[in-house]
Amino acid sequence: MLTKQKGDIAEQAVILQALRWGWGVCKPVGDRLPYDLVFDIAGRLLKIQVKSAWFDEKRGNYVVDTRRTKTNRREMVRDVYQTTDFDFAVIYIDALHTFYILPVADFVAYGSEIHLVEVEKRQRKPKSAVFKEAWELLKHPLNHQQLTLT
């Protein structure tokens, strides 16, 4: 499956979940903005960046790239996101139908990749565990402070 197709599947899964919560969903025209969707939650508009995670067989976990990718006919350019680019990132793991919801400050603090561990055998939960299915972060206003990485 192509990367773009995986991204489209993730985006549609996030839209469906938002509709199930009863939220309004707006989709920007074009592909040039640093966010993919806008949610209207009780009159509050939130910019959402959607990412699709892939399974890294060598490491045994799911991975998502935290960088922005721009492509043209000749080259692919990666750049880091800024905390003003969007409000929340929603990461989707298609194979597990699982979502991770991260405030932008937490998302950009990870660097170039986030590794999501979906194994129950670990003694300690990974830092990312607090974001698993954390839809309440979108439902209730926060001051967008970092939750776990400070």
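The legends below describe close-up views of a predicted model. Residue numbers start from 1 along each chain as its sequence is written, and side-chain values use heavy atoms, with hydrogens and water left out. Because the model is predicted, local features need pLDDT of at least 70 and side-chain atom pairs count only at pLDDT 80 or more, whereas totals for chains, interfaces and linings use all residues.

View 1. The largest pocket holds about 1000 Å³ of space; a pocket is an open set of points on a 1 Å grid over the protein atoms alone, where a 1.4 Å probe fits and protein lies on both sides within 12 Å along at least five of seven lines, and its volume is the space filled by probe spheres set on the points, which are joined across faces, edges and corners. Of the 32 residues that line this pocket, Thr3, Lys4, Gly7, Lys51 and Thr69 are the closest to its centre, a lining residue being one with an atom within 4 Å of a point. At least two lining residues come from each of α1 (3-20), β3 (44-52), β5 (61-65), β6 (67-71) and β7 (76-80), and α1 gives the most, with seven; helices (H or I, at least four residues) and strands (E, at least two) are DSSP runs numbered from the N terminus. By class, the lining has 11 nonpolar, seven polar and 14 charged residues, where Ala, Val, Leu, Ile, Met, Phe, Trp, Tyr, Cys and Pro count as nonpolar, Asp, Glu, Lys and Arg as charged, and the others, Gly among them, as polar.

**View 2. The open sheet β4-β5-β10.** Three strands with antiparallel pairing make up this open sheet, in the order β4-β5-β10; two strands pair if DSSP finds at least two bridges between them. Since β4 (54-56) and β10 (113-116) stand at the edges with a single partner strand each, one side of each is left without a neighbour in the sheet. Between β4 and β5 there are three bridges, with phenylalanine 55 opposite tyrosine 62 in β5, and these two strands form a hairpin with four residues between them, where glycine 60 in the turn has a positive phi of about 75 degrees. Between β5 and β10 there are four bridges, and valine 64 has isoleucine 114 of β10 as its bridge partner. Five of the five residues of β5 are buried, that is, under 20% relative accessible area, with exposed meaning over 50% and partly exposed in between (1.4 Å probe, protein chains only).

**View 3. Lysine 27 and glutamate 11.** These two residues form a salt bridge, with their closest N and O atoms 2.4 Å apart; a salt bridge is a side-chain nitrogen of Lys or Arg within 4 Å of a carboxyl oxygen of Asp or Glu. Because lysine 27 lies in the loop between β1 (24-26) and β2 (37-41) and glutamate 11 in helix α1, the pair ties together parts that are 16 residues apart in sequence. Glutamate 11 is buried, at 10% relative accessible area.

**View 4. Further salt bridges.** By the same rule the count comes to six salt bridges. Arginine 67 meets aspartate 65 at 2.9 Å, N to O; arginine 67 is partly exposed at 26% relative accessibility, while aspartate 65 is buried at 12%. Glutamate 118 meets lysine 132 at 2.8 Å, N to O, and both residues lie in the loop between β10 and α3 (136-139), 14 residues apart. Asp56, Arg59 and Glu113 are linked in a network of salt bridges.
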